[in-house]
Amino acid sequence: MSDYRAIATVTAVIRDILSDSAQKLDGNVIVKMSSPSDLKEPSNDSDVLNLFLYQVTANNICHNLDLPTRNPTGKLMTKPKLALDLHYLLTVASKNDELKAQLMLSSAMMALQENAIIPKDKIIAAIKAQDKQDNEDFLSESNLADQFESLKITLQSLSIEELTKLWSSFFQTGYRLSVAYNVSVVLLESTIEITPSLPVSKRQIYVTSLKQPVIEKIEPQIMTYSPEKKLVIKGRNLYGDGKVLVRLNDKEIPVTNSEDLTENQLSLLISEGICAGVKQVQVLQKIVFDKNDVDGHKGYNSNVAAFVLAPKLEALTQTSLSHGQDLVLNFKPGIELNQKVYVLIGDYSIPVDLSTQELSSSDSLESLKVTIPEHILTGTYSVRLRIDNADSILNLRVIDNVKDAPKRDPEHEITITKISS
């Protein structure tokens, strides 16, 4: 592999090949590396052979040579590599002598054809010549000669339309006789140091059948939180030979009870650490090599399904309030500060700013305090709690022994009265 000096080194090598071909011609021929827009009329004493790198593109074959370079945590495992193709434009200009220009071009093309696969000794010689000529050492440490892939110079056939577009990019420059070349492949490797991984102490081969778990149904779709309730996941291939977990959003819960797991059904107890809201569900099957492999290794993941974990609103401590007074709600499970919470009083929705609430010792909220706004009319209302689009469920039942009486939930009702004078 080469480092960042590779592109400049390739240009220097081709320049030296062209210089050697120019010495075989009669007359003074100068080899330049300028943009054709800077190419002036040749003087009476010299003709010009100009090499210009006009484009650098990714090599289609070796572009993904180093994938993947990072582990799942984002840490670099190998040095990043870059595979490039270099596109050059070779232009000739002579002292009002087109035959001399054509002679210079054919001599240069034959020299590049003879070095279609650039020898390593040419690369080493070009690096040394660059140091002596420019009195600089910016190419002295170039390791292009150590690249395992050979550098190949290929003549490109550009149509009249492509040449016209290319030369039109050079400002106020008339067209001169020119040909295009491609140099491939230039492999660049980063110079950053990679932390080596620990060596493999023991090699194991684990053979398992390819059975990806599939979730077909979740029961119930809307579940009110209760520490005794279980979520039931139905599907195919849910049972795994290794470790089985259920991912709820960003939390992973292991299935430890063998009675809760079969090939077509999985039961999961919702722990108190799971917050209310709409939850994405995914079954994870990890491969365990031996009894010491506690965490397991990545195996098969199921499709993603969803269900709603509704908060459980406890009985309200206040049943009669006036405008401006505080309503306190106790609920399970606790909520985190990054969740969106609303208190629903009848058809009224009151957003809750969690940053103003008092945290419990577990850094989660299990009670809220909201002020009754003045725009709510007096009357009796049902109270609900909405957490991340999941609403607490009212326990509606007939209260009065009156025929066709509406169902109510007195445990979750408040009466808003006028402020006493």
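## Helices across the sheet

Helix 1 (residues 6-22) lies across strand 1, strand 2, strand 3, strand 4 and strand 5 (178-189), running at about 30° to strand 3. Helix 2 (residues 98-114) also lies across strand 1, strand 2, strand 3, strand 4 and strand 5, but at about 155° to strand 3. Contact means heavy atoms within 4.5 Å. Angles run from 0 to 180 degrees between N-to-C directions, with axes fitted to C-alpha atoms, for helices over the stretch in contact. Helices (H or I, at least four residues) and strands (E, at least two) are DSSP runs, numbered from the N terminus.

This is a predicted model: local features need pLDDT of at least 70, side-chain atom pairs count only at pLDDT 80 or more, and totals for chains, interfaces and linings use all residues. Residues are numbered from 1 along each chain as its sequence is written, and side-chain values use heavy atoms, leaving out hydrogens and water.

Five strands form an open sheet with mixed pairing, in the order 1-2-3-5-4. Strand 1 (29-32) and strand 4 (152-156) are the edge strands, each pairing on one side only. Two strands pair if DSSP finds at least two bridges between them. Strand 2 (residues 47-58) and strand 3 (residues 81-93) are antiparallel over 10 bridges.

## An aromatic pair

Phenylalanine 52 and phenylalanine 170 form an edge-to-face pair, 5.8 Å centre to centre with 75° between the planes. Rings of Phe, Tyr and Trp (its six-membered ring) pair if their centres lie within 6.5 Å; planes under 30 degrees apart count as stacked, over 60 as edge-to-face and the rest as tilted.
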